[in-house]
Amino acid sequence: MDFVNQLQRKFIDYSSSLHREGIVDDQFTQLRKLEDENSPHFVMEVASLFFEDCEKLINNMAIALEQKQGVDFKQIDECIHQLKGSSSSIGAMRVKNACIAFRSFSDGQNREGCLRCLQQLSHEYSLLKNKLQTLFRLEKQIVAAGGSIPRVH
Amino acid sequence: MARNGGVAWMRTTEKIDGYDLSTSDTEEVHVLAVDDSLVDRKVIERLLRISSCKVTAVDSGRRALQYLGLDEEIQKKETNGFDGLKVDLIITDYCMPGMTGYELLKKVKESSAFREIPVVIMSSENVIARIDRCLEEGAEDFIVKPVKLSDVKRIIDYTTTELREGEQREGARARRRGINKRKQREGDDDLSSSPPSTLSSSASSSPSSSIQSATAPLSPSTLDSPTRRLKMTSSE
């Protein structure tokens with residue numbers, strides 16, 4: 001039982017650090033509140049949908065920015081809009097902010113600026129994914145050890 | 001205001017061709033959720049289920065109209081005239097490719113069969129002009145994304161209240177109509193030309209309603225909605 005407590009402690013601490021570092025914001029907490037016995041891994045499920053979404057959009061933007069015959073900034077803008085929306089819905093604050101910054105460069109049709117933003121966005125996404133996967137691993141370990149995931153109140 | 005959707009108010013006691021619609025008085029609200037984002041659909045679905053609603057989630061305005069049976073290009077064959085669960089509330093994203101939430105709102109409000117269904121718009125953009133436009137077109141409420149549980153609870157609360165009150169009013173009206181029919185000779189009992197009831201006016205906002213009064217003032221918790229809508233997100 002002590003082992004479970006340790007894991008739970010680790011989970012709480014790690015979760016707090018994500019908030020402190022601004023990786024996730026209050027919306028992430030809001031989603032945690034939607035978890036219960038019937039849906040204990042809801043956040044993990046939404047996050048994996050988000051990861052897929054994010055990777056696809058980042059990839060599309062990278063391709064769009066590479067077009068020699070001219071960059072379709074409208075498409076880039078559309079991708080940013082979608083990514084900003086979903087990152088906001090899941091509480092991925094730094095990814096969301098990276099999208100907001102990106103938007104001004106895409107509005108200005110600035111290819112170089114966009115490339116830099118895309119790099120920044122990719123970086124924030126990688127960071128988020130790594131950290132959330134660490135958190136979710138802890139979650140699974142707790143459940144596997146017969147414990148329950150500490151709920152936020 | 002009675003229409004063939006008047007059956008909706010009575011559905012707790014009716015049984016229609018193989019669909020057992022009779023339930024206890026705690027009947028679940030059936031929400032049609034429309035959003036092109038998979039992540040957002042998953043979130044809104046969960047928010048609604050936790051709020052004890054039945055949810056049908058679709059990814060476009062077009063599919064929403066198909067579900068309702070309003071798609072002009074797909075003529076639904078009238079089998080028993082009832083194609084699925086009655087929709088009590090539509091909650092839709094504003095920005096969608098193809099048909100926007102605003103266009104969906106208009107189509108719903110233009111339809112005689114479905115105009116009474118409250119429509120709630122969700123948007124990540126907190127633009128007053130957009131909010132006003134939606135409310136003027138008859139939207140019940142406008143939620144700024146990201147959507148929280150408190151937003152959904154508030155909307156379900158007054159939708160449930162309106163449904164209950166609608167049932168009571170419809171029942172009372174039906175009883176009065178029954179009495180009147182006995183008293184007068186009616187040639188064309190065109191109920192659809194009866195004056196708008198207070199129920200319909202609370203379901204669709206009048207153009208003059210300000211943002212503050214756009215939501216049906218039935219529960220104290222609607223007080224936080226103007227703040228929510230006028231909230232300036234700190235990141236923008």
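# Notebook: a two-chain predicted model

**Entry 1: the annotated stretch of chain A.** I began with the UniProt record, where an unreviewed entry lists residues 39-145 of chain A as "domain: HPt". UniProt positions are given in the numbering used here, feature names are shortened, and annotations may be inferred rather than shown by experiment. Before going on I noted that this is a predicted model, in which local features need pLDDT of at least 70, side-chain atom pairs count only at pLDDT 80 or more, and totals for chains, interfaces and linings use all residues. Residues are numbered from 1 along each chain as its sequence is written, chains are lettered from A and ligands numbered from 1 in the order in which they are written, and side-chain values use heavy atoms, with hydrogens and water left out.

Over residues 39-145, I find chain A to be 86% helix and 0% strand, with the end C-alpha atoms 18 Å apart. Helices (H or I, at least four residues) and strands (E, at least two) are DSSP runs, numbered from the N terminus.

Entry 2: I located A:His81 in helix H4 of chain A, residues 73-90. What does A:His81 touch, leaving out residues up to four places away in sequence? Its contacts (heavy atoms within 4.5 Å) are A:Arg103 in its own chain and B:Cys95, B:Ser124 and B:Glu125 in chain B.

**Entry 3: the cores.** Next I looked at nonpolar cores, which are sets of buried Ala, Val, Leu, Ile, Met, Phe, Trp, Tyr and Cys residues joined through side-chain atoms within 4.5 Å. Buried means under 20% relative accessible area, exposed over 50%, and partly exposed in between (1.4 Å probe, protein chains only). The largest core has 68 residues, and A:Phe50, A:Leu121, A:Leu132 and B:Leu48 touch the most other members. Helix H3 of chain A (residues 42-66) gives the most to this core, 14 residues. I followed A:Phe50 and found that its contacts beyond four places in sequence include A:Leu83, A:Ile90, A:Leu128 and, from chain B, B:Val39. Another core, of 25 residues, lies apart from the largest one; B:Val87, B:Tyr94, B:Val108 and B:Ala139 are among its members.

**Entry 4: chain B as a whole.** I count eight helices and seven strands in chain B. Of its 236 residues, 49% are buried. Among contacts in chain B between residues at least 6 apart in sequence, 66% join residues at least 24 apart. Chain B exposes about 11800 Å², of which carbon and sulfur atoms supply 51%; I took accessible areas from the Shrake-Rupley method with a 1.4 Å probe, and for residues only the protein chains shown count as cover.

**Entry 5: the sheet.** In what order do the five strands of the open sheet in chain B stand? I read E4-E3-E5-E6-E7, with parallel pairing. Strands E4 (53-58) and E7 (141-144) of chain B each have a single partner strand, so one side of each is left without a neighbour in the sheet. Neighbouring strands here are turned by 20 degrees against each other on average, direction ignored. Two strands pair if DSSP finds at least two bridges between them.

E3(B), residues 29-34, pairs in the parallel sense with E5(B), residues 89-93, over four bridges, and B:Val31 stands opposite B:Leu89. Helix H3 of chain B (residues 61-68) packs on the sheet, touching E3, E4 and E5, and its direction makes about 150 degrees with that of E3(B). Helix H4 of chain B (residues 101-110) also packs there, touching E3, E5 and E6 (119-123), at about 175 degrees to E6(B). These axes are lines fitted to C-alpha atoms, for helices over the stretch in contact, and angles run from 0 to 180 degrees between N-to-C directions.

On the other pairing, six bridges join E3(B) to E4(B), again parallel, and B:His30 stands opposite B:Lys54. I checked the burial of E3(B): six of its six residues are buried. B:Val29, B:Val31 and B:Ala33 cover one side, and B:His30, B:Leu32 and B:Val34 are buried on the other.

Entry 6: Most residues other than glycine have a negative phi, and most peptide bonds are trans. I noted these exceptions.

- A:Gln109 has a positive phi of about 50 degrees; it lies in the loop between helices H5 (93-107) and H6 (111-144) of chain A and is exposed at 54% relative accessibility.
- B:Ser52 has a phi near 65 degrees, sits in the loop between helix H2 (38-50) and E4 of chain B, and is partly exposed at 47%.
- B:Lys145 and B:Pro146 are joined by a cis peptide bond, with omega about 5 degrees; B:Pro146 is in the loop between E7 and helix H6 (149-183) of chain B.
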